[in-house]
Amino acid sequence: MRIDVVTIFPGYLAPLREALLGRAIEAGLVELGVHDLRDWTHDVHQAVDDSPYGGGPGMVMRPQVWGEALDAVLGDAPARLVVPTPAGRPFTQATAQAWAGEERLVFACGRYEGIDQRVVDAYAQRMPVDEVSIGDYVLVGGEVAVLVMVEAVVRLLPGVLGNPVSAQEDSFSDGLLEGPAYTRPVSWRGLDVPDVLRSGNHAAIARWRRDRALERTAARRPDLLDALPDHALDRTDRAF
Ligand SMILES: Oc1ccccc1-c1ccno1
């Protein structure tokens, strides 16, 4: 997979070259390009924004600059363009799974009051464009959202995680939140590891883990339970 990010703060994306993601890049599983939007300005101030038509607070990012940048970065290779925005569709594990199958993702990091809408509209005429939100809160720019989304996607690529089973047993992979996890010591500050996890009874352990996942999901994210298809819950599950 090739990932390109266009931003006015390239340094914000430095963490993408650390740890797991950095190793994926070194292993050739991912190619990463980070591009400074200001490289496509032509004025002495390197202006990337302007006042909003219709008035209102803040500034809007200029379509001309974005158009030149995206044309240059995209070239002729097919890609999915992703624009993080608080006004976007929710980015979920399902989104990450879908994007993990893409050959190429290009992220456009907006700041200020956002990017002139015509940029999305123009590129949507020739490629898939997703305006996505990572949550119901407002950030200063899209860079942090890109860090989140790139990590969620890249970890799903074959060969990136040491143990591919981890990704298969993620929270949300079966529509539920993951339950609690424990490791040594068996007793810590008067708190003990649940006996069943040390029983060696794999069926009982699997049941206990499912029950804790259902319990946690019912308590913290009842919306996920409501969204589960009927066949996803067996009779024992329905106790929650
Ligand atoms: O709040 C933002 C500002 C710019 C770009 C993206 C966001 C955002 C907020 C939540 N998800 O994305």
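## The second largest pocket

With five residues, strand E5 gives the most to the lining of the second largest pocket. The model described here is predicted. The volume of this pocket is about 430 Å³. Besides E5, helix H4 (117–123) and strand E7 (129–133) each give two or more residues to its lining.

In total, 25 residues line the second largest pocket, and those nearest its centre are Pro84, Thr85, Pro86, Ala87 and Gly114. By class, the lining has 14 nonpolar, eight polar and three charged residues.

## The ligand and its shell

The second largest pocket is where the ligand sits. Around the ligand are Pro84, Thr85, Pro86, Gly110, Ser133, Ile134, Gly135, Tyr137, Val138, Leu139, Gly141 and Gly142. Strand E5 (residues 80–90) provides three residues, the largest share of this shell.

A polar side-chain atom of Ser133 is 3.4 Å from a ligand nitrogen atom. At Ile134, a backbone N or O atom lies 2.9 Å from a nitrogen atom of the ligand. An oxygen atom of the ligand lies 2.5 Å from a backbone N or O atom of Leu139. The ligand taken alone exposes 300 Å², of which the protein buries 95%.

## The largest cavity

Two cavities of 30 Å³ or more are present in the structure. The largest cavity holds about 50 Å³ of space. Its lining consists of Ile3, Leu16, Leu21, Ala24, Ile25, Val30, Leu32, Val150 and Val154. Helix H1 (19–26) and helix H5 (143–154) are the elements that give two or more residues to this lining.

The largest share of the lining, three residues, is that of H1. The nine lining residues are nonpolar, with no polar and no charged residues.

## The second largest cavity

About 30 Å³ of space lies in the second largest cavity. Leu70, Leu81, Val83, Ala108, Ile115, Val119 and Val120 form its lining. The elements that give two or more residues here are E5 and H4, and both are also among the elements that give two or more residues to the lining of the second largest pocket.

The lining of the second largest cavity has seven nonpolar residues, no polar residues and no charged residues.

Conventions:
Residues are numbered from 1 along each chain as its sequence is written. This is a predicted model: local features need pLDDT of at least 70, side-chain atom pairs count only at pLDDT 80 or more; totals for chains, interfaces and linings use all residues. Side-chain values use heavy atoms; hydrogens and water are left out. A residue is near a molecule or strand if one of its heavy atoms lies within 4 Å of it. A polar contact is a pair of N or O atoms within 3.5 Å; within protein, one must be able to donate a hydrogen and the other to accept it, and residues adjacent in sequence count only if both atoms are side-chain atoms. Accessible areas come from the Shrake-Rupley method with a 1.4 Å probe; for residues, only the protein chains shown count as cover. On a 1 Å grid over the protein atoms alone, a cavity is a set of points where a 1.4 Å probe fits but cannot get out, and a pocket is an open set with protein on both sides within 12 Å along at least five of seven lines; lining residues have an atom within 4 Å of a point. A molecule sits in a cavity or pocket if more than half of its atoms lie within 2 Å of its grid points. Helices (H or I, at least four residues) and strands (E, at least two) are DSSP runs, numbered from the N terminus. Grid points are joined across faces, edges and corners, and a volume is the space filled by probe spheres set on the points. Ala, Val, Leu, Ile, Met, Phe, Trp, Tyr, Cys and Pro count as nonpolar, Asp, Glu, Lys and Arg as charged, and the others, Gly among them, as polar.
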